Amino acid sequence: MSQFIFLKDVNSALTMDGELTIGPMPRWQKKLEASAANSSLNVTKSALSVSYDANLPSASVATKTPRKSSDAKKKKSQTQTPNKGDGGDRFIPNRTSTNFELGHYLLRQEQEKSDNDEENEGTSNVNTTKQTPAKGEHQKLISDALQMADSKSTRILSYQNKAPPAPESHINPLKVVYSTKTPISSKSGSRYIPTTSERILDAPDIINNFYLNLLDWSADNIVTVALGNSVYLWNAGTGSIQVLVEYEDGDHACALSWIEDGQILAIGNKSGVVELWDCSKVKRLRVMDGHSARVGSLAWNSYLVSSGSLDGSIVHHDVRSRDHKVVTLNGHTQEVCGLKWSTDYKYLASGGNDNLINVWAAVSESGVSTGNEPVHVFNQHQAAVRALDWCPWQPNILASGGGTADRCIKFWNVQNGSLINSVDTKSQVCGLLWSRTYKELISAHGFANNQLTIWKYPSMVKQAELCGHTSRVLQLALSPDGSTVMSAGADETLRLWNCFATDPLTAKKTNSATKKPNQSAFRQSIR
């Protein structure tokens with residue numbers, strides 16, 4: 001019989017349908033019955049208290065619940081259990097209106113704050129802090145994953161040791177940003193241009209005159225410069241200095257120009273004559289007249305030297321002939337302050353204080369041209385034109401720079417007489433030089449920055465600005481190898497800038513210095 005009762009109990013326990021009749025009473029049912037009992041008890045107590053108070057004297061009636069002593073009350077928390085009406089003295093929260101996430105966040109904030117306070121009070125040395133086993137295990141796993149010997153003594157991020165160098169074939173485009181040469185270099189495509197002068201020479205008493213040409217660099221690496229009433233020679237290879245000539249008071253050199261090959265120097269002076277000096281022997285060879293005022297510009301074309309004067313005329317001198325004056329060109333109304341033969345020796349460009357550029361033909365089929373009319377006349381400049389230079393890889397391209405009122409660099413095509421481009425430099429253009437190594441040119445400027453600017457051709461994007469002169473730059477000269485530029489400033493200094501140095505990694509196999517220069521067309525036409 002007992003076995004059937006046991007099976008019945010098992011079946012009833014496994015049955016999921018209907019209400020559970022076996023087992024403890026659910027909590028909600030207990031609360032419901034307790035609240036009902038309390039409500040009925042309160043009704044009965046209120047009814048009995050009336051009859052009880054009527055039979056007993058008021059003095060003997062206890063109006064308050066007995067309590068403990070005052071000392072025990074002080075120890076007890078002052079927070080009272082909230083009441084809700086007549087439903088008892090227990091607080092039952094309303095879970096539907098409670099934000100548990102906010103409460104959890106506030107509790108965690110308080111806990112973290114208390115932990116931080118304890119750590120700060122305990123010790124200030126991090127190395128002496130006792131690590132928990134979980135944290136130590138975590139650090140051990142990290143050190144094993146990173147293949148570090150000891151996580152306590154090894155730093156993951158360390159800046160004490162430099163990174164290994166990149167392979168030689170790698171070109172880092174950000175090298176200019178992170179290299180130690182960043183403050184003294186500027187980025188120019190794939191090369192770097194030093195923006196500080198390599199060497200500074202004193203040039204006391206140099207004449208601050210925009211219309212004179214007082215500096216030149218020979219093919220034998222000798223620099224000549226006129227200081228005061230003297231002409232000096234400086235050997236850039238050995239550093240030796242020599243005085244070539246010292247004029248009497250009132251006379252001085254106004255123009256200097258080396259012959260293409262050799263140590264023959266032409267000097268145009270204030271009296272209006274052109275002197276030829278053999279600098280290897282420190283000897284004057286001859287004096288050639290032809291001008292009525294100072295000679296401020298000179299240019300060589302083989303044995304022909306052209307001189308420009310304050311009287312506005314240009315004279316071609318054949319230095320081999322007794323009757324040296326070949327032809328006189330009259331195309332300017334004011335001083336001729338710039339002269340330059342093209343790289344193929346077919347054209348002569350002259351710039352004057354009358355804001356004009358004249359392009360003259362060098363030779364005709366029968367020999368030297370004797371015409372007084374220029375091939376082209378360019379009048380777009382608004383100031384005197386002294387800065388002139390011809391493009392070495394395009395002999396028909398001429399670059400010119402205007403003075404203070406113009407401030408522009410202009411490019412001309414002498415084959416058709418057209419203006420190719422014009423760039424406003426914002427300052428006086430005192431000199432121009434094309435680079436023989438890169439497709440760039442450098443310009444010298446006056447107020448306000450007195451800087452040298454390197455431009456990319458033909459885009460005319462600034463590659464670098466070479467600053468150092470405290471007054472305007474008067475003259476530019478290029479070294480024989482084409483790597484160094486010398487600038488003469490009105491601040492009485494000569495500065496050497498290694499701005500066109502050839503990159504040894506990208507240098508061509510053929511040396512440009514050994515390349516045969518263009519032969520003069522005038523030289524082919526004479527006996």
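These legends go with a few close-up views of the structure.

We're looking at a predicted model, so local features need pLDDT of at least 70 and side-chain atom pairs count only at pLDDT 80 or more, while totals for chains, interfaces and linings use all residues. Residues are numbered from 1 along each chain as its sequence is written, and side-chain values use heavy atoms, with hydrogens and water left out.

**View A. A four-stranded open sheet with antiparallel pairing.** Its strands come in the order E16-E17-E18-E21. Out at the edges sit strand E16 (336-341) and strand E21 (376-378), each pairing on one side only. Neighbouring strands of this sheet are turned by 20° against each other on average, direction ignored. Strands here are DSSP runs (E, at least two residues) numbered from the N terminus, and two of them pair if DSSP finds at least two bridges between them. Angles use axes that are lines fitted to C-alpha atoms, and run from 0 to 180 degrees between N-to-C directions.

**View B. Strands E17 and E18, side by side and antiparallel.** Five bridges join E17 (residues 347-352) to E18 (residues 357-361). One to pick out is Tyr347, whose bridge partner in E18 is Ala361.

**View C. Aromatic pairs, starting with Tyr347 and Trp390.** The count comes to eight aromatic pairs. To make the list, rings of Phe, Tyr and Trp (its six-membered ring) need centres within 6.5 Å; planes under 30 degrees apart are stacked, over 60 edge-to-face, and the rest tilted. Tyr347 and Trp390 are stacked, at 6.4 Å centre to centre with 20° between the planes. Tyr347 belongs to strand E17 and Trp390 to strand E22 (residues 385-390), so this pair ties together parts 43 residues apart in sequence. Tyr347 is partly exposed at 22% relative accessibility, whereas Trp390 is buried at 2%. (Buried means under 20% relative accessible area, exposed over 50%, partly exposed in between, using a 1.4 Å probe and protein chains only.)

**View D. Trp393 against Trp434, edge-to-face.** Their ring centres are 5.4 Å apart, with the planes at 90°. Trp393 lies in the loop between E22 and strand E23 (397-402) and Trp434 in strand E26 (residues 429-434), so the pair links parts 41 residues apart in sequence. Ring pairs also bring Phe411 and Tyr457 into a cluster with Trp393 and Trp434.

**View E. Arginines over tyrosine rings.** The charged end of Arg191 sits over the ring of Tyr438, 3.9 Å from its centre. Arg320 lies over the face of Tyr303, at 4.9 Å from the ring centre. The cut-off is NZ of Lys or CZ of Arg within 6 Å of the ring centre and within 35 degrees of the ring normal.
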